[in-house]
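Biologist: Please take a close look at the charged side chains of this model. I would like to know how they are placed and what they pair with.

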Amino acid sequence: MTFVLAVDDDPAILRTLSINLRARGDEVETAGDGRSALQIIDERMPDVVILDLGLPDLDGVTVLKRLRSYAQVPVVVLSARHEADDKVEALDEGADDFVTKPFDIEELLA
């Protein structure tokens, strides 16, 4: 079973991700902000992180930088930010992929 951490400040996106990932047999934990995400990661390292950049406390890039300082877990950035600079920065900081919202959830989970 894959342990997925989904981090997003939008409860609807977290709910959708959780339902779809659990339906595929994954274990899912969610966090609505960066501090909660880092606390979950400190308690139990996920197999993969789905990370929004626009979080209410810590920017997603800050979460990514902190995570990359001690772990190489795969990170897929899921963000409404469409600017190339945002994508480049996230990928330069160690994101494995970048998906722009709005998106087709089935495409993301395929």
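Modeller: Start with Asp86, which is buried but forms no salt bridge; Arg81, the nearest side chain of opposite charge, is 4.2 Å away. Buried here means under 20% relative accessible area, exposed means over 50%, and partly exposed is in between (1.4 Å probe, protein chains only). A salt bridge requires a side-chain nitrogen of Lys or Arg within 4 Å of a carboxyl oxygen of Asp or Glu. For charge, Lys and Arg count as positive and Asp and Glu as negative, while His and the chain ends are not counted.

The model is predicted, so local features need pLDDT of at least 70 and side-chain atom pairs count only at pLDDT 80 or more, whereas totals for chains, interfaces and linings use all residues. Residues are numbered from 1 along each chain as its sequence is written, and side-chain values use heavy atoms, leaving out hydrogens and water.

Asp86 belongs to helix H4, residues 84-92. Helices (H or I, at least four residues) and strands (E, at least two) are DSSP runs, numbered from the N terminus. With neighbours within four places in sequence set aside, Asp86 is in contact (heavy atoms within 4.5 Å) with Leu53, Arg81 and Phe98.

Arg81 has a partner elsewhere: Asp59 forms a salt bridge with Arg81, and the closest N and O atoms are 2.9 Å apart. This pair links distant parts of the chain, with Asp59 in the loop between E3 and H3 and Arg81 in the loop between strand E4 (75-79) and H4, 22 residues apart. Asp59 is partly exposed at 26% relative accessibility, and Arg81 is partly exposed at 26%.

The whole structure has 3 salt bridges. Another of them joins Asp96 to Arg68, with 3.1 Å between the closest N and O atoms. Here too the pair links distant parts of the chain: Asp96 is in the loop between H4 and E5 and Arg68 in helix H3, 28 residues apart. Asp96 is partly exposed at 49% relative accessibility, whereas Arg68 is buried, with a relative accessible area of 14%.

Arg68 is one of the buried residues of H3, along with Gly60, Val61, Val63, Leu64 and Leu67. Seen down the axis, these residues fall within an arc of 155°, so they line one face of H3. The arc is that of the directions from the helix axis to the C-beta atoms. The buried residues of H3 pack against H2, E3, E4 and H4.

Asp97 is partly exposed, with a relative accessible area of 42%. Not counting residues up to four places away in sequence, Asp97 touches Val75, Val76, Val77 and Leu91. Its C-alpha atom is separated by 18 Å from that of Ile13, 84 residues apart along the chain.

There is also a salt bridge between Arg44 and Glu27, whose closest N and O atoms are 2.6 Å apart. Arg44 is in the loop between H2 and strand E3 (48-51) and Glu27 in strand E2, so the pair ties together parts that are 17 residues apart in sequence. Both ends are partly exposed: Arg44 has a relative accessible area of 40%, and Glu27 one of 30%. Arg44 also lies over the face of Phe3, at 4.0 Å from the ring centre. The rule for a charge over a ring is NZ of Lys or CZ of Arg within 6 Å of the ring centre and within 35 degrees of the ring normal.

As for H2 itself (residues 34-43), its buried residues are Gly34, Ala37, Leu38, Ile40 and Ile41. They span an arc of only 160° around the axis, which puts them on the same side of H2.

One more arginine, Arg22, is found in helix H1 (residues 11-23). Arg22 counts as partly exposed at 47% relative accessibility. The C-alpha atoms of Arg22 and Thr2 are separated by 9.8 Å, and the two residues are 20 residues apart along the chain.
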